[in-house]
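Please open the model in your viewer and follow the selections below in order, from pockets to cores.

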Amino acid sequence: MPRRERALRALISAEHGGNDVPAPYGPLFRHRKALLASHRGWDPGSAELARSLSNALDAPCHVATVTRLLVDLNRSPTNPAVFSEVTRTLPRDERARLLARYHTPHRDRVETAVTALVAEGHDVLHLGVHSFTPVLRGVARRADLALLYDPARASERVVAAAWTRRLREALPDFRVRRNHPYRGSSDGLTTTLRRRFPVDRYLGIEIEVSQALVGENGAFPARIVRALLDTLPERVPVP
């Protein structure tokens with residue numbers, strides 16, 4: 001008997017797509033231009049990659065461009081790292097306003113989009129697009145491209161394994177890894193959404209690309225986009 005499979009419907013998000021500073025908070029960054037431009041301020045290349053994947057897949061896309069130094073949209077509101085050293089000493093009511101103005105709306109938009117797709121009967125593959133600095137605290141990361149997922153969730157594990165295998169074939173000169181340089185089960189938007197939706201209806205996989213690969217145009221090479229699209233699993237086996 002042939003193995004049954006479920007079709008996947010993609011949804012794209014980028015939580016660190018820019019390093020914009022809203023005007024009221026400009027004074028906080030007046031002497032922090034270098035920090036704002038660094039990997040601490042945003043994920044270079046992630047917004048362009050997210051939009052390219054969205055256009056090709058005809059998938060909903062939610063890109064946030066406010067700097068993560070103001071408030072980190074990929075962290076839970078109770079995570080101490082949701083605020084950086086720039087904002088964590090602000091008064092409590094000001095920090096609450098940052099959450100209400102920037103953090104909650106983005107996460108709600110993504111959750112609402114997942115809810116709508118699930119309500120339509122789709123199994124959702126949420127791709128959170130990010131990039132990482134190739135060297136952190138003097139230590140080189142041994143990856144060019146990685147997929148983050150929760151190994152405890154069978155569907156994510158199967159999709160990530162198949163996608164990684166195909167990416168390695170499509171990009172033989174790239175170091176393609178899983179759950180590196182971060183664990184897919186660590187605090188993030190996908191982690192939160194896994195608790196909101198059934199395991200068989202929501203798959204959250206984060207794409208991480210080395211910022212060393214960002215071109216002068218601010219985007220990743222077209223071959224990376226093509227490889228991700230050409231190898232993306234469209235279906236997942238039914239357990």
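The lining of the second largest pocket divides into 8 nonpolar, no polar and 3 charged residues, where Ala, Val, Leu, Ile, Met, Phe, Trp, Tyr, Cys and Pro count as nonpolar, Asp, Glu, Lys and Arg as charged, and the others, Gly among them, as polar. This is a predicted model, in which local features need pLDDT of at least 70 and side-chain atom pairs count only at pLDDT 80 or more, while totals for chains, interfaces and linings use all residues. Residues are numbered from 1 along each chain as its sequence is written, and side-chain values use heavy atoms, with hydrogens and water left out.

Select Leu8, Arg9, Ala10, Leu57, Asp58, Ala59, Leu125, Leu229, Leu232, Pro233 and Glu234 to display that lining; strand E1 (5–14) gives the most to it, with 3 residues.

Next, select His16, Arg68, Asp72, Arg75 and Tyr182, which lie nearest the centre of the largest pocket, among its 33 lining residues. By class, this lining has 9 nonpolar, 11 polar and 13 charged residues.

Then select Ser210, which is in strand E8 (residues 202–210) and is buried, with a relative accessible area of 2% (buried means under 20%, with a 1.4 Å probe and protein chains only). Leaving aside neighbours within four places in sequence, Ser210 is in contact (heavy atoms within 4.5 Å) with Phe132, Pro134, Ala143, Asp144 and Phe220.

Finally, select Leu167 together with Leu145, Leu147, Val176, Ala227, Leu228 and Thr231, which Leu167 touches when residues up to four places away in sequence are not counted.

Key
Helices (H or I, at least four residues) and strands (E, at least two) are DSSP runs, numbered from the N terminus. Buried means under 20% relative accessible area, exposed over 50%, partly exposed in between (1.4 Å probe, protein chains only). On a 1 Å grid over the protein atoms alone, a cavity is a set of points where a 1.4 Å probe fits but cannot get out, and a pocket is an open set with protein on both sides within 12 Å along at least five of seven lines; lining residues have an atom within 4 Å of a point.
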